[in-house]
Amino acid sequence: MNRLVVVVPTAGGSDLLGRTLSSLAQCDLPNEYEKIIVVENGPPSGAQSAVESAPPQLRAEYVHIKRANKSHALNCVFADLADDDLVYLIDDDVRFSKNCLVDFVAAARDKKSGSVFGGPLRIDSEGDPPEKWKSFLPGSMVGWEPTVEEFNARDAFFLGANWAVFAGDVTSAGGFDPRFGPGSPLGATGQEWTMQIALRKRGAHFQYVPSAIVWHHVDFSRFSKDFLIRRKYRGGLEAGIRYADFMYHTPRWHDYLRHPLMRARLRYLRNNIAVRWWHMCGRAMDAFRRELDVEHAKGFLFAYPRAMSDLRETDSP
């Protein structure tokens, strides 16, 4: 590796960005550490002030991208980095174990490409969600910390608040896809997931760094059932875009017999019936589980034809 560059995307204002920068300054900084770049996309919302107040040893830089799209903003930053720079990607509301940067550098030392690194995610929470909802929450809200034995490098993915990758690998994979993540035209989730899928397809090795721990802030005082419904719908949007890509570029003959749109319509109808049935039986949690499946199917049915249309328009002369 060449240098370690920390990158923090932010948008819409973050009251915890200053805390994140202060926590990073408490870390042991390896010799390879170069700087931290805070890239704000969309209307300016105070990130520049937090960067200007950051501890000087961080050598913090502020970048503003007018377009409100996280993936596009990250691509702008990666364009100015050297291929063998190790880029540590974090959220704007985390704090770090003291050894976090040193451990990532140790894992990446003597490497220049072909590896993805990630560490555990713990939770700093304000309040707690109702116990009955915990099984529905994503890893970014409940944490992710497998043991070394539990981690499977062949099919695991790292959470977006604590992972690192070589800049050249991201560039070679085509950069982050603006159709996914915050600022997505359709509202789809999956920005980091999409990039890690692309890296895995290119043969990247996924290496777990269990001692490189971060804590992600979650405010459960604003949590509601509607959050889970919206997130499931956005997950359906993500799946619709992915399947449109697959069916446009690499379909198999039997995929037309079991067409994704047909299967999504059947899921929508089947789960709608199940919602009504479980409500009649007085089993509210089973009904809600099926309601989430309905929302996922709705998102898929909305995104798939639009994504397919966009692909055809892009390829038309």
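1. Arg 3, Glu 34 and Asp 85 are linked in a network of salt bridges, a salt bridge being a side-chain nitrogen of Lys or Arg within 4 Å of a carboxyl oxygen of Asp or Glu. Side chains of opposite charge can pair when their charged atoms come close. The structure holds 16 salt bridges.

2. This is a predicted model, in which local features need pLDDT of at least 70 and side-chain atom pairs count only at pLDDT 80 or more, while totals for chains, interfaces and linings use all residues. Residues are numbered from 1 along each chain as its sequence is written, and side-chain values use heavy atoms, with hydrogens and water left out.

3. Arg 109 forms a salt bridge with Glu 32, with 3.0 Å between the closest N and O atoms. Arg 109 lies in the loop between helix H4 (100-108) and strand S6 (115-118), and Glu 32 in the loop between helix H1 (17-25) and strand S2 (33-41), so the pair ties together parts that are 77 residues apart in sequence. Helices (H or I, at least four residues) and strands (E, at least two) are DSSP runs, numbered from the N terminus. Arg 109 is partly exposed, at 39% relative accessible area, where buried means under 20%, exposed over 50% and partly exposed in between (1.4 Å probe, protein chains only).

4. Asp 255 and Arg 252 also meet through their side chains in a salt bridge (2.9 Å, N to O); Asp 255 is buried at 7% relative accessibility, whereas Arg 252 is partly exposed at 45%. In the salt bridge between Asp 177 and Arg 179 the N to O distance is 2.8 Å, and Arg 179 is partly exposed at 27%.

5. The count comes to one cavity of 30 Å³ or more, where a cavity is a set of points on a 1 Å grid over the protein atoms alone at which a 1.4 Å probe fits but cannot get out, and lining residues have an atom within 4 Å of a point. The largest cavity has a volume of about 40 Å³, the volume being the space filled by probe spheres set on the points, which are joined across faces, edges and corners. Its lining includes Pro 9, Trp 163 and Phe 176, and the elements that give two or more residues to this lining are helix H3 (70-78), strand S4 (86-90) and helix H7 (191-201).

6. Gly 139 belongs to helix H5 (residues 139-142) and is partly exposed, with a relative accessible area of 24%. Apart from neighbours within four places in sequence, Gly 139 is in contact (heavy atoms within 4.5 Å) with Leu 121, Ile 123, Trp 144 and Leu 159.

Methods. 1 Å grid on protein atoms, 1.4 Å probe; cavity = no way out; pocket = protein on both sides within 12 Å on 5 of 7 lines; lining within 4 Å.
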